[in-house]
Amino acid sequence: MSIPCLPANASIEEQTRALEQAGCLVLTDVLTDRRRQAVREELSSHMAQAHVLEADKDDPAMFYPGRTRRISGLVASSKIAGEMVLDPHSTALCDQFLTPNSEFGYQLHVTAALEVGPGARKQVLHREDDSFTFFPQPRPNLILASMWAISDFTADNGATLLVPGSHLWPEERVAQPEEVVAAEMPAGAVLYWLGSTLHGAGANVSEQWRYGIIFTYSLGWLRQEENQYLDVPPHIAKNLSPQLRDMIGYKMYRALGFSMDPILGERPD
Ligand SMILES: O=C(O)CCC(=O)C(=O)O
């Protein structure tokens with residue numbers, strides 16, 4: 001099975017069908033070159049401080065391969081990243097896949113900028129919803145993930161590897177090499193995948209660094225993978241738009257998440 005690829009203006013019905021069937025989908029031409037450069041610039045000083053483990057210190061048992069650079073907390077570091085979180089292509093797909101399981105809305109789950117450098121090995125295949133073992137695989141839709149191509153993604157430079165169709169597999173089924181597909185896409189495209197789809201960063205056998213930005217979204221009643229309240233503390237959150245503040249979790253889900261802090265909105269029921 002291949003990874004479906006559609007233009008950004010494809011109908012939401014077509015996008016939904018493709019993502020339902022394959023568990024993954026590439027949308028092209030979502031981010032303009034100008035905004036792509038701008039977000040890269042906004043994150044550059046943070047990225048420059050990220051530790052890169054040299055290949056000879058890499059341990060294949062580690063989840064994050066050596067020769068990669070990774071930062072989180074993007075909403076606190078970049079205005080454009082915050083705008084990308086609320087991109088209508090992503091929220092339309094969240095409405096399709098998450099809202100049915102989360103009547104008071106979904107939330108931002110993880111933000112990360114990820115560079116895969118020359119010599120990086122491939123990452124172990126995993127599922128975004130692996131923390132939620134309470135639900136047996138195949139799990140209901142708990143998470144929608146997106147990877148924004150800031151550079152081109154190629155099979156050689158470490159494009160994300162996906163196993164199309166694996167969102168419907170039982171836990172014990174192991175992906176065979178011929179079932180693993182590199183999500184090759186031009187800069188400005190976005191790869192979406194469901195929480196139960198097997199994936200991982202590819203190996204980089206090229207001379208260039210591969211640069212992607214991940215935003216994942218989860219049902220509003222789940223614990224977020226990235227602690228947004230530490231990564232985007234109240235003194236920063238209070239200056240964000242109400243939509244973005246709500247999305248990172250500064251809002252209640254029924255009785256969940258109350259606080260005496262006035263930054264929190266009204267409870268929804
Ligand atoms: O960098 C990638 O292509 C995927 C990264 C990923 O899945 C992760 O770090 O959990």
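Which residue in β7 does Leu-161 stand opposite? I come back to that in point 5; please keep in mind throughout that this is a predicted model.

1. Let's begin with the ligand's surroundings. Phe-63, Tyr-64, Arg-70, Leu-114, Gln-123 and His-126 are around the ligand, together with Met-147, Thr-160, His-199, Ala-201 and Arg-210. Sorted by class, this shell comprises 5 nonpolar, 4 polar and 2 charged residues.

2. Three of these neighbours deserve a look on your screen. Arg-70 has a polar side-chain atom 2.9 Å from a ligand oxygen. For His-126, the distance from a polar side-chain atom to an oxygen atom of the ligand is 3.0 Å, and for His-199 the corresponding value is 3.1 Å. On its own the ligand would expose 300 Å², and the protein buries 96% of that.

3. As for where the ligand sits, the space it takes up is the largest pocket.

4. Now to the strands. The order β7-β6-β9 describes an open sheet of 3 strands with antiparallel pairing. At its edges are β7, spanning 181-182, and β9, spanning 199-200, and each of these pairs on one side only. As a reminder, strands of a sheet pair through backbone hydrogen bonds, either parallel or antiparallel.

5. Back to the opening question. Strand β6 covers residues 161-162 and pairs with β7 in the antiparallel sense over 2 bridges. Within β7, the residue opposite Leu-161 is Ala-182.

Note on methods:
Residues are numbered from 1 along each chain as its sequence is written. This is a predicted model: local features need pLDDT of at least 70, side-chain atom pairs count only at pLDDT 80 or more; totals for chains, interfaces and linings use all residues. Side-chain values use heavy atoms; hydrogens and water are left out. A residue is near a molecule or strand if one of its heavy atoms lies within 4 Å of it. A polar contact is a pair of N or O atoms within 3.5 Å; within protein, one must be able to donate a hydrogen and the other to accept it, and residues adjacent in sequence count only if both atoms are side-chain atoms. Accessible areas come from the Shrake-Rupley method with a 1.4 Å probe; for residues, only the protein chains shown count as cover. On a 1 Å grid over the protein atoms alone, a cavity is a set of points where a 1.4 Å probe fits but cannot get out, and a pocket is an open set with protein on both sides within 12 Å along at least five of seven lines; lining residues have an atom within 4 Å of a point. A molecule sits in a cavity or pocket if more than half of its atoms lie within 2 Å of its grid points. Ala, Val, Leu, Ile, Met, Phe, Trp, Tyr, Cys and Pro count as nonpolar, Asp, Glu, Lys and Arg as charged, and the others, Gly among them, as polar. Two strands pair if DSSP finds at least two bridges between them. Helices (H or I, at least four residues) and strands (E, at least two) are DSSP runs, numbered from the N terminus.
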